[in-house]
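Subject: Structure for your review

Dear colleague,

I am handing over the structure we spoke of, and below it you will find my notes on what was found. Please read them with the structure open beside you.

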Amino acid sequence: MSVRFRRYVLLLLLALVGAGAPGLAWAHAALNRAVPADGSVLVAPPGQIDLVFSEPVSPLALRLLGPDGAARILDRFALKDGTVVITAPAGLVSGTYALSWRVVSEDGHPVGGTLVFSIGAPSSTAPETGEQFDTSVRMLVWLSRLGLYLGLFLGCGAAASGAWVGPLPGPARRFATVMTVLGLICVPVALSAQGLDAMGASLVAFFQPAIWKAAASTSYLWTAVGAAMALAIAFVGIQLRGTAAGVAGLLSALLAGVALASSGHASAAHPQWLMRPAVFLHASAIALWTGALLPLSLALRIKAGRGALRRFSSGIAIVVAALLLSGFVLAVVQVETPAALLWTAYGRVLLAKLALVAVAFTLAGFNRWRLTRRTEAGDLIAARVMRRVIAAELAVLVVVLGTAALWRFTPPPRSILAAKTQPALVHIHSMQAMADVTVSPGRVGRVSVDVVLMNGEFGPLPAKELSLGFSNPAAGVEPIERRARLGEDGIWRVDELNLPVPGRWEVELEILISDFEMRRIKDAVLIRP
């Protein structure tokens, strides 16, 4: 590796690792609780509807479908930390309603769902929400992401190869130009596709302002801006010569890493001080490796290509080491447990990617240990075989990029496990007594229950005893009764409670105030599968 290249890397890494340094602690949002609860039957129309999420969100679309199938857009809402407080429309009649909600979490990914409740009595049939994903939109998201990856890794990467492998041959310069132009075209397409997917819209809404506004409200906007900057710098660098071309190319490759570290599943994971720099390092290393392959192959057509091969061979070990180390960190944090490689779609995509990368490394190893010395010695047959192997290696890596683009549709096991551990919450309110009941985790199986008792004015409610009863009439489960114990922190607790089936569970509290006074309050809590 040249001294000049080491200087470029040191200076630009110092500048850009800071740009990929920790920011907000992002994660996937999950709906913890809703008021009214899902499946509840209200005596009177609600004045507001509360959606309580595990983290702050931004609403993209809120629709209330009534018993007659008519849809109302709910545009009057307020954000309070992780709670979306929606003002309910006036004039709601008896029957069943479905609140179709779609929000964007802080990692830039849309989350949606439906809350069903009834006023007076349930309707004979629930309103149809019509929530479906559009296959053509999913295809556009995947193709635009793949095109963006090709631009960033093959375009910016090829431009960066001028800093450590050697000047770009004419055909490589033209190829890199095509890749950067492809990437620049895909930037707005990918951004609009993000908006379409976030809003659950079809392709016909591609140019609608609401779609672009929705896309701009996600963190993917920063990825698009960073990618556009990287591709523009690469395009300019490809047209330059000498040191300026190498600096511009290397800067574009590192900016590609910053862009991809600005949003996405991996960048959202904890700890932020580790994950975002790891994404930055991983993406930059991919660009340096894949982008250098075609220029190297074309350089080997002439005698001067032996020098390019020596420089590539001396520098690629550091690039691959950075790639493997960062990739290992990302995989461990995202997958968490080896079993998740098989039972989650994310894990299966990762296995497919690892298998393809193993093929690419096998081809690269064959070149390095069987053909490099012979090619450097002037063996023309070895050089010809090496060019063919490099072409195969590059083709495999393009398939790797297409496989990685599938992760846009697969939440990582980390997020799935986190969602499973989210508690189920319910606030029970009466004139004489109130209670905040937390069931952890909020899914079937063994759980623990925490209860905070309050009087009608939200002050502490002293009690001598507290008993809880959980029943699920729809599933034929009679009350499961437990006596709570009072902790030193003033919270009543029940441990080792088993809720065998998912669904809407009725919770009844018997609060013994004194030997002569007992208060009973009840409500329902939704337990996930």
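How are α2 and α6 oriented to each other, roughly parallel or roughly antiparallel? Before I answer, please keep in mind that this is a predicted model, in which local features need pLDDT of at least 70 and side-chain atom pairs count only at pLDDT 80 or more, while totals for chains, interfaces and linings use all residues. Residues are numbered from 1 along each chain as its sequence is written, and side-chain values use heavy atoms, with hydrogens and water left out.

**The α2 and α6 pair**

Two packed helices are described by the angle between their axes and by the distance between those axes. Helix α2 covers residues 135–161 and helix α6 covers residues 242–260, and the two pack at an angle of about 150° with their axes 7 Å apart; here the axes are lines fitted to C-alpha atoms, for helices over the stretch in contact, and angles run from 0 to 180 degrees between N-to-C directions. The answer is therefore that α2 and α6 are roughly antiparallel to each other (angles under 35 degrees count as roughly parallel, over 145 as roughly antiparallel, 65 to 115 as roughly perpendicular and the rest as oblique). The crossing in which α2 passes α6 is left-handed, a term used if the near helix is turned anticlockwise from the far one by less than a right angle.

On the α2 side, Y149, L152, F153, C156, A159 and A160 meet A245, G249, L250, S252, A253, A256 and L260 of α6, where contact means heavy atoms within 4.5 Å. By class, the residues of this contact of α2 with α6 are 11 nonpolar, two polar and no charged (Ala, Val, Leu, Ile, Met, Phe, Trp, Tyr, Cys and Pro count as nonpolar, Asp, Glu, Lys and Arg as charged, and the others, Gly among them, as polar).

**The α9 and α11 pair**

Helix α11, residues 345–376, packs with α9 at an angle of about 160°, and their axes are 12 Å apart. That makes α9 roughly antiparallel to α11, and α9 passes α11 in a left-handed crossing. The residues of α9 that meet α11 include R306, L309, R310 and S313, and those of α11 include Y346, L350, F361 and R368. The contact of α9 with α11 has 10 nonpolar, four polar and four charged residues.

Within α11 you will also find G347, which counts as buried because its relative accessibility is 0% (buried means under 20% relative accessible area, exposed over 50%, and partly exposed in between, with a 1.4 Å probe and protein chains only). Leaving aside its neighbours within four places in sequence, G347 is in contact with A340 and L341, and its C-alpha atom is separated by 9.9 Å from that of T337, 10 residues apart along the chain.

**Backbone points to check**

Two peptide bonds are cis: the one that joins V35 and P36, with omega of about 5°, and the one from S440 to P441, with omega near -15°. P36 is found in the loop between β1 (31–35) and β2 (41–42), whereas P441 lies in the loop between β11 (433–440) and β12 (445–455).

Positive phi values also occur in residues other than glycine. E336, in the loop between α9 (305–335) and α10 (340–343), has phi near 70° and is partly exposed, with a relative accessible area of 45%. E496, in strand β16 (residues 492–499), has a positive phi of about 60° and counts as exposed at 52% relative accessibility.

**The chain as a whole**

The protein chain has 13 helices and 18 strands, which are DSSP runs numbered from the N terminus, with helices being H or I of at least four residues and strands E of at least two. Its C-alpha atoms fill a box of roughly 100 × 50 × 40 Å, taken along the principal axes, and buried residues make up 51% of the 529 residues. Among contacts between residues at least 6 apart in sequence, 69% join residues at least 24 apart.

With kind regards
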